[in-house]
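Hi,

Here is the structure I promised to send over.

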Amino acid sequence: MTKASLIILVSLAICILSSLNLAYGAASDQNKFTVVGLVYCDTCRVEFQTSISEPISGATVKLECRNRTSEKITFQSPEITTDAAGSYKIEVTGDYEDSDCDVNLMKSPRADCNDPTEAWRKARVELTALDGVTGPIRFANNLGFKKKEALPGCKKVLTDMGYYELKDELGSEAV
């Protein structure tokens with residue numbers, strides 16, 4: 001009987017310790033995030049992507065989190081440079097439930113496309129496992145710089161996208 005009790009006790013201890021390891025191990029993995037996004041050149045100066053927008057290689061972005069109450073910075077990434085496709089990836093460890101986290105445009109390497117768009121100069125991301133979003137990947141909205149002057153093909157692209165009011169304003173020029 002004591003041998004059976006000992007086996008049951010050891011089995012129970014193993015179960016409890018395994019459960020604790022699983023719970024705490026999972027919690028530490030929940031605090032690792034990867035923020036991904038894209039930086040593009042708004043070739044039509046409309047502050048959204050079109051079929052002729054271009055990715056910007058070598059643009060820099062930075063992630064910053066600020067506490068909602070105190071406004072103190074709770075996390076700040078180094079400046080991250082986009083790859084040839086205009087994509088970036090920022091690794092973050094920690095839970096920032098009480099912070100507003102934004103990916104900010106820093107600079108564009110292109111002299112012809114370095115005017116930050118007003119609407120998309122920063123993108124908010126949630127960096128907490130307590131918001132109902134599962135998985136470690138967080139997708140930021142695409143961020144853009146505007147070209148100094150819109151490309152000639154923009155009128156047709158915007159008309160094709162359904163901006164009919166543009167046809168009325170531009171008349172035959174829109175096509």
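Below is what I found, grouped by topic.

First, the ground rules. This is a predicted model, so local features need pLDDT of at least 70 and side-chain atom pairs count only at pLDDT 80 or more, while totals for chains, interfaces and linings use all residues. Residues are numbered from 1 along each chain as its sequence is written, and side-chain values use heavy atoms, with hydrogens and water left out.

**Confidence**

The mean pLDDT (the predictor's confidence in each residue, from 0 to 100) is 84 for the protein, and 77% of its residues reach 70 or more. Residues 21-26 have a pLDDT below 50, and beyond near neighbours in sequence this stretch has one contact in the model (contact means heavy atoms within 4.5 Å). Where pLDDT is low, the predicted coordinates should not be read in detail.

**Salt bridges**

Searching the whole structure turns up twelve salt bridges (a side-chain nitrogen of Lys or Arg within 4 Å of a carboxyl oxygen of Asp or Glu). One of them joins the side chains of Asp-100 and Arg-68, at 2.9 Å from N to O. Asp-100 sits in strand S7 (residues 99-107) and Arg-68 in the loop between strand S3 (60-67) and strand S4 (73-76), so this pair ties together parts that are 32 residues apart in sequence. Strands here are DSSP runs (E, at least two residues; helices are H or I, at least four), numbered from the N terminus. Both partners are partly exposed: Asp-100 has 23% relative accessibility and Arg-68 has 39%. For that scale, buried means under 20% relative accessible area, exposed over 50%, and partly exposed in between, with a 1.4 Å probe and protein chains only.

Another salt bridge links Asp-115 and Lys-146, at 4.0 Å from N to O. This pair connects distant parts of the chain, with Asp-115 in strand S8 (residues 115-116) and Lys-146 in strand S11 (residues 143-146), 31 residues apart. Asp-115 is partly exposed at 27%, whereas Lys-146 is buried at 11%. Through salt bridges that share partners, Arg-45, Glu-47, Asp-115 and Lys-146 join into one network.

Arg-45 has a phi near 60 degrees, a positive value in a residue other than glycine, and Glu-47 has a positive phi of about 65 degrees, although Glu-47 is not a glycine either. Arg-45 is in the loop between strand S1 (32-42) and strand S2 (54-55), and Glu-47 is found in the loop between S1 and S2. Arg-45 is partly exposed, with a relative accessible area of 34%.

There is also a salt bridge between Arg-110 and Asp-112, at 3.1 Å from N to O. Asp-112 is partly exposed at 31% relative accessibility.

Glu-64 lies in strand S3 and is buried, at 17% relative accessibility. The side chains of Glu-64 and Arg-66 are joined by a polar contact of 3.2 Å (a pair of N or O atoms within 3.5 Å; within protein, one must be able to donate a hydrogen and the other to accept it, and residues adjacent in sequence count only if both atoms are side-chain atoms). Leaving aside residues up to four places away in sequence, Glu-64 touches residues including Phe-75, Asp-100 and Asp-102.

Asp-102 in turn stands opposite Arg-124 in S9. S7 and S9 run antiparallel, joined by four bridges (two strands pair if DSSP finds at least two bridges between them). In a regular strand the side chains alternate between the two faces of the sheet. In S9 (residues 122-125), Ala-123 and Val-125 make up the covered face, and Lys-122 and Arg-124 the uncovered one.

**The aromatic pair**

How many aromatic pairs does a search of the whole structure find? The search gives one: Phe-75 and Tyr-96, tilted, at 5.6 Å centre to centre with 55 degrees between the planes. Rings of Phe, Tyr and Trp (its six-membered ring) pair if their centres lie within 6.5 Å; planes under 30 degrees apart are stacked, over 60 edge-to-face, and the rest tilted. Phe-75 is buried at 16% relative accessibility, and Tyr-96 is buried at 13%.

**Gly-86**

Gly-86 lies in the loop between strand S5 (80-81) and S6 and is buried, with a relative accessible area of 0%. Its contacts, not counting residues up to four places away in sequence, include Gly-37, Val-39 and Pro-55.

Cheers
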